[in-house]
Amino acid sequence: MNNPAARILVVEDEESFVEALRVGLQREGFLVEVARDGPEALERFAQSKPDLVLLDVMLPGISGVDVCREIRSSSSVPIIMVTAKSEEIDAVVGLEVGADDYVAKPYRLRELVSRIRAVLRRSAVSRWSGSGAPGAGDSDQVLRVGALQLDRERHEVTVGGELVRLPLKEFQILALLMLNQEMVVTRETFIDRVWGYDYVGDTKTLDVHIKRLRAKIEPNSDRPERIITIRGVGYKLTA
């Protein structure tokens, strides 16, 4: 989705970055709102309902990771974390609590805009209405594999009858696995179908999301019985 009217909430406390982002993103056609600390970010998010959040990890008041966790508890809005080069561990933590992507400072505005537009395009298929979404065009709205049930229309997943909350990426990954039960889904297929063919981020993102998904649907995520790793190839779902 290349939407010139998309609203971006920039959460950043370094004034030099704030002004550069405001000018640069507005020049690209985005609407920009700014929050300079964690509490203000949550307040502005609730008020403005942005299409995407660009969220710095290091924030006063409440950390970016905690802001991400709080937003994810009630919303699947796309979130891109911003880290320093030395904060790769924070980027991984950010992905684990629900961020869709991350960029490291210093970054080029062109790269950032490309990431933003790619994430916005991917979020447009959240209800399976766009081409390239897992199972788009398939008439079966409710998928069942063993104790797992996934309702694509309601965006709901149950495990043994218990409702499990999944953010968008995990939901898409699970849907793709369930549509291909007992078949290996390659890493390349996951990236193309969930993140998009133009994804330029680290493929470790997939492993982080699989780990997070296992923690929610496996009886014991340390010894997975449902999502099986096929080393060097990808993953498959078994009943």
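## The antiparallel sheet

In strand E7, Leu 148 is the bridge partner of Val 145. Strands here (E, at least two residues) and helices (H or I, at least four) are DSSP runs, numbered from the N terminus. This is a predicted model: local features need pLDDT of at least 70, side-chain atom pairs count only at pLDDT 80 or more, and totals for chains, interfaces and linings use all residues. Residues are numbered from 1 along each chain as its sequence is written, and side-chain values use heavy atoms, with hydrogens and water left out.

E7 belongs to an open sheet of four strands, in the order E6-E7-E8-E9, with antiparallel pairing. Two strands pair if DSSP finds at least two bridges between them. E6 and E9 (162-164) stand at the edges with a single partner strand each, so one side of each has no neighbour in the sheet. From one strand to the next, the twist averages 25°. Axes are lines fitted to C-alpha atoms, for helices over the stretch in contact; angles run from 0 to 180 degrees between N-to-C directions.

E6 (residues 142-145) and E7 (residues 148-151) run antiparallel, joined by four bridges. Val 142 has Asp 151 as its bridge partner in E7. Two residues separate these strands in a hairpin, and Gly 146 in the turn has a positive phi of about 60°.

E7 also joins E8 (residues 156-159) through four bridges, again antiparallel. Asp 151 is paired there with Glu 156 of E8. This hairpin has four residues between the strands, and His 155 takes a positive phi near 55°.

What packs on the sheet, touching E6, E7 and E8? Helix H6 (residues 168-179) does, and its direction makes about 115° with that of E7. Touching means contact, with heavy atoms within 4.5 Å.

## The parallel sheet

A second open sheet has five strands, in the order E2-E1-E3-E4-E5, with parallel pairing. Its edges are E2 (31-35) and E5 (101-105), each with a single partner strand, so one side of each is left without a neighbour in the sheet. The twist averages 20° from one strand to the next.

E1 (residues 7-11) and E3 (residues 52-56) run parallel and share four bridges. Val 11 stands opposite Leu 55 in E3. Helix H2 (residues 38-48) packs on the sheet and touches E1, E2 and E3; its direction makes about 145° with that of E2. Helix H1 lies across E1, E2, E3 and E5, at about 165° to E2.

## Helix H1

H1 (residues 15-27) has 13 residues and should span 18 Å at 1.5 Å a residue; its end C-alpha atoms are 18 Å apart, which agrees. The expected span is 1.5 Å times one less than the number of residues.

Val 18, Leu 21, Gly 24 and Leu 25 of H1 are buried. Seen down the axis, the buried residues fall within an arc of 150°, so they line one face of the helix. That arc is taken from the directions from the helix axis to the C-beta atoms. The face turned away carries the exposed residues Ser 16 and Arg 27. Buried means under 20% relative accessible area, exposed over 50%, and partly exposed in between (1.4 Å probe, protein chains only). Just after H1, Gly 29 takes a positive phi of about 100°.

## The whole chain

The chain has eight helices and 12 strands. Of its 239 residues, 48% count as buried. Among contacts between residues at least 6 apart in sequence, 58% join residues at least 24 apart.
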